[in-house]
Amino acid sequence: MKIGLRTVKTAVGATLAILIAEWWGLEYAVSAGLITVLSIQNTKKGSIQLAMQRVYSTVIALTISAIFFLILGFNAIAFGLYLLVFIPIAVRLKVTDGIVVSSVLVTHILVEQSLSLFWFTNEMLLMTVGAGIGILLNLYMPKMDTEMKQQRQKIESAMRQIFFCFAQDLKREPLYLDEKRLIKQLAAYLAEANEQSRRHVDNQLFADSRYYIKYIDMRTVQLRVMRQMSQSVREISILTEHAGKMASLVEKTALSLSEQNPAEDLVADVNQMLADFRKSELPKTREEFEGRALLFQFLNDLRYLLELKRDFTKQFGEEKEFLKISAG
């Protein structure tokens, strides 16, 4: 049986919350432990946001319940009317995560049948202790740098293999890799990396970590372009003299593809090939014309794909260097 970090934090946090609540002399101290259990989240920001929502909802819940208890007395009807009013307000104020916990605290007031300051203070302190312990424990989150780096390496490896498939297609060589499967695999890698990067950002309270999300966004757009390129190369029915040169350029792209490569030289190579393409002799048959058009589209897509990487490096290259220094 494997016990994860979140399970350990939940068990330790609940125990600490109850002990602290008892040490402070709070009534219903077990509720502080329950609040901690419900406050342990997967990210630092998520834990803080949830705690703030619950404190806010508790203030609202205690206020509304006090009004109904004062008018109708401490009974089930007053509690039901409190829920009837409180839940829509919580939904409107976007603090729905606090509905259950706040209502549990309100039941303490109902059971004790008292609107004294002591009980309101007791309930707010229970919430403060429970949510506070949850936040403190969530301040420790294991670093994801290695995990994210490995995922980016998987993404780039899949992209290289797809480019090699394109080169083989252009040379009409038999494929030794399944291009469609690789594209699906790349999409899966990107989806997983997107989840990782957003979780990583939510664990940074002060540092600006947009680089990781923007990197995955850039690669996701490149995947859409690669799908178009795959379609173009499959539709070519006749090869021209340009196909061989393009295959060599695609292979060069595959070999030099990496997170560190700004792709400026590759963009220049594609621009030069496009210029040569325009200067070449016009096609003589309809079939040659259609093949040339598809090759031209493929080359334009390749240029756009490389320009995405070039522009990304210009915009976020400095942030990447800063993150390297910070990690060191």
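**View 1. Phe-298 is buried, with a relative accessible area of 1%.** Buried here means under 20% relative accessible area, with exposed over 50% and partly exposed in between (1.4 Å probe, protein chains only). This is a predicted model, so to speak: local features need pLDDT of at least 70, side-chain atom pairs count only at pLDDT 80 or more, and totals for chains, interfaces and linings use all residues. Residues are numbered from 1 along each chain as its sequence is written, and side-chain values use heavy atoms, with hydrogens and water left out.

**View 2. Here are Phe-118 and Trp-119, one of the ring pairs.** Rings of Phe, Tyr and Trp (its six-membered ring) pair if their centres lie within 6.5 Å; planes under 30 degrees apart count as stacked, over 60 as edge-to-face and the rest as tilted. By this rule there are 11 aromatic pairs. With centres 5.0 Å apart and planes at 85 degrees, Phe-118 and Trp-119 make an edge-to-face pair. Phe-118 is partly exposed at 47% relative accessible area, while Trp-119 is buried at 10%.

**View 3. Phe-166 and Phe-298 also pair edge-to-face.** Their ring centres sit 5.7 Å apart and their planes are at 85 degrees. This pair links distant parts of the chain: Phe-166 belongs to helix H7 (residues 145–171) and Phe-298 to helix H12 (residues 286–327), 132 residues apart. Helices are DSSP runs (H or I, at least four residues), numbered from the N terminus. Phe-166 is buried too, with a relative accessible area of 0%.

**View 4. Tyr-211, Tyr-212, Tyr-215 and Phe-312 are linked into a cluster by ring pairs.**

**View 5. Helix H4 (residues 76–92) meets helix H5 (residues 99–112).** Their axes (lines fitted to C-alpha atoms over the stretch in contact, with angles from 0 to 180 degrees between N-to-C directions) come within 12 Å and cross at roughly 155 degrees. Residues in contact (heavy atoms within 4.5 Å) include Phe-79 and Tyr-82 in H4, and Ile-99 and Val-106 in H5.

**View 6. Ala-263 has a positive phi of about 70 degrees, though it isn't a glycine.** Most residues other than glycine have a negative phi. Look for Ala-263 in the loop between helix H10 (241–256) and helix H11 (264–279); at 3% relative accessibility, Ala-263 is buried.

Key: Helix = DSSP H or I, 4+ residues; strand = E, 2+ residues; numbered from the N terminus.
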